Amino acid sequence: ALRPYLNIRWASNPYGEGLVWVRRRFVEVAPPETTVRFDIHLPDGRTVEQTQIFIQAYLSDNPTLARDGLYEAGLRKNKPHIYRALLKGDWYVSVGAFLSDFWDPEYHVCETHPVPPNVYRFRSADFGIAGKPGKSGGMSVTWWYVDHDGMLTAYHHLYGSQLSADRVAERCKEIELYYGDWDEEENRSMLNLGSPLDAQCFKRTGTSGPTISEDFWRKGVGWKKSTKDRVNGIAELVRRLDTFTTWTDGADVTRKKPSIRWMKRCDHPIKFLPTLPRNESDPRDIKDDIEGRDVFDDTMYACTSRP
């Protein structure tokens, strides 16, 4: 008789449309080479335990390719994000992704730090209530400060789905109370004037009831209508990712500062933005109906509001 399978092995590079799913399913659940156990409950009442383990592979694990150095030399001719993915097994970049040529975690991700005093602050958002895991249509809100060189730094991010405007507004209030951006006497946000929200949220879609933006306003969270121009909005986002301020410090070392960056606590933008795939039918945009598109649009609205 044939013996049942004892193991199933999957092998993959950090590449392609399913990257985020693979990363969430295997890479992020535990450190490499850590056995993960979980129970599956069957309809008849039985419980089956299954295990999985993620093994990080490197070029050195393949002596045939590593021996003469030719394969590694070929990878190093590519842009940094490509050899980070294929040589170092970096699951937070994606070869061929829409922003992969512009995203560099060395510059676009910074340590979490206190918001400096006397800087301009605002928030941006893309709102959807029907989002499902693995698809677009969810909600993304980002809080930003603008330094004296005009650089945007994301200092907090809120992400979710299946949440009403009232629920999101309540979470916004909690966050802004924490950062001192809420006027408790007036019971409203102090960030209302300069914060862009998806223009669709200001439209009435065949109903006489309040718009989404009006639902937010009733809770003290106000917005301005975002610029609805994807071509120029995407260009502005890319321009910020690709624009740096350089200076030489006292040790004659040239340093670079990007025009946009995210604190490490903003984990969803850091995970999604560098891996979103290109739209095959329109290479000027990202793929439709994919998880993380709401984060991309949220970021785009922030960039167009501060060109």
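Is C110 buried or exposed, and at what relative accessibility? C110 counts as buried because its relative accessibility is 10%. Buried stands for under 20% relative accessible area, exposed for over 50%, and partly exposed for values in between, with a 1.4 Å probe and protein chains only.

## Basis of the model

The model is predicted, so local features need pLDDT of at least 70 and side-chain atom pairs count only at pLDDT 80 or more, while totals for chains, interfaces and linings use all residues. Residues are numbered from 1 along each chain as its sequence is written, and side-chain values use heavy atoms, with hydrogens and water left out.

## The chain as a whole

The protein chain holds ten helices and 15 strands. Helices (H or I, at least four residues) and strands (E, at least two) are DSSP runs, numbered from the N terminus. Along its principal axes, the C-alpha trace spans about 75 × 70 × 40 Å.

Of the 307 residues in the protein chain, 43% count as buried. Among contacts with a separation of 6 or more, 61% come from residues 24 or more positions apart. A contact means heavy atoms within 4.5 Å.

## Cysteines

The whole structure contains zero disulfides, a disulfide being a pair of cysteine sulfur atoms within 2.5 Å. For C110, the closest cysteine sulfur is in C266, and the 8.2 Å between the two sulfurs is too far for a bond.

C201 counts as buried, at 2% relative accessibility.

I260 is placed in strand β13, which covers residues 260-263. Its relative accessibility is 0%, so I260 counts as buried. Leaving aside residues up to four places away in sequence, I260 touches H108, W144, M151, L152, R240, L241, T299 and C303. F244 is 16 residues from I260 in sequence, and their C-alpha atoms are 8.9 Å apart.

Helix α10 takes in residues 293-305, 13 residues in total. From its first C-alpha to its last it reaches 18 Å, close to the 18 Å expected at 1.5 Å a residue. That expected span is 1.5 Å times one less than the number of residues. Helix α10 is mostly covered, with 13 of its 13 residues buried.

The loop between β15 (282-286) and α10 includes I290. I290 counts as buried because its relative accessibility is 10%. I290 and K79 are 211 residues apart along the chain, and 25 Å separates their C-alpha atoms.

## Two residues with positive phi

Most residues other than glycine have a negative phi. Q162 is not a glycine, yet its phi is positive, about 60°. Q162 sits in the loop between β6 (152-160) and α6 (165-179). With a relative accessible area of 52%, Q162 is exposed.

N187 also is not a glycine and has a positive phi, of about 55°. The loop that holds N187 runs between β7 (182-183) and β8 (188-189). N187 is partly exposed, its relative accessible area being 40%.

## Pocket and cavity

Rolling a probe the size of a water molecule over the atoms shows where empty space is left. On a 1 Å grid over the protein atoms alone, a cavity is a set of points where a 1.4 Å probe fits but cannot get out, whereas a pocket is an open set with protein on both sides within 12 Å along at least five of seven lines; lining residues have an atom within 4 Å of a point. Points are joined across faces, edges and corners, and a volume is the space filled by probe spheres set on them.

The largest pocket has a volume of about 1300 Å³. It is lined by 33 residues, of which R9, W10, A11, I53 and I55 are the closest to its centre. At least two lining residues come from each of α1 (19-27), β2 (47-52) and α4 (80-86). The lining divides into 21 nonpolar, ten polar and two charged residues. Here Ala, Val, Leu, Ile, Met, Phe, Trp, Tyr, Cys and Pro count as nonpolar, Asp, Glu, Lys and Arg as charged, and the others, Gly among them, as polar.

One cavity of 30 Å³ or more is found in the whole structure. The largest cavity contains about 40 Å³ of space. Its lining is formed by F26, V29, A30, P31, T34, V36, Q52, I53 and F54. Seven of these residues are nonpolar, two are polar and none is charged.
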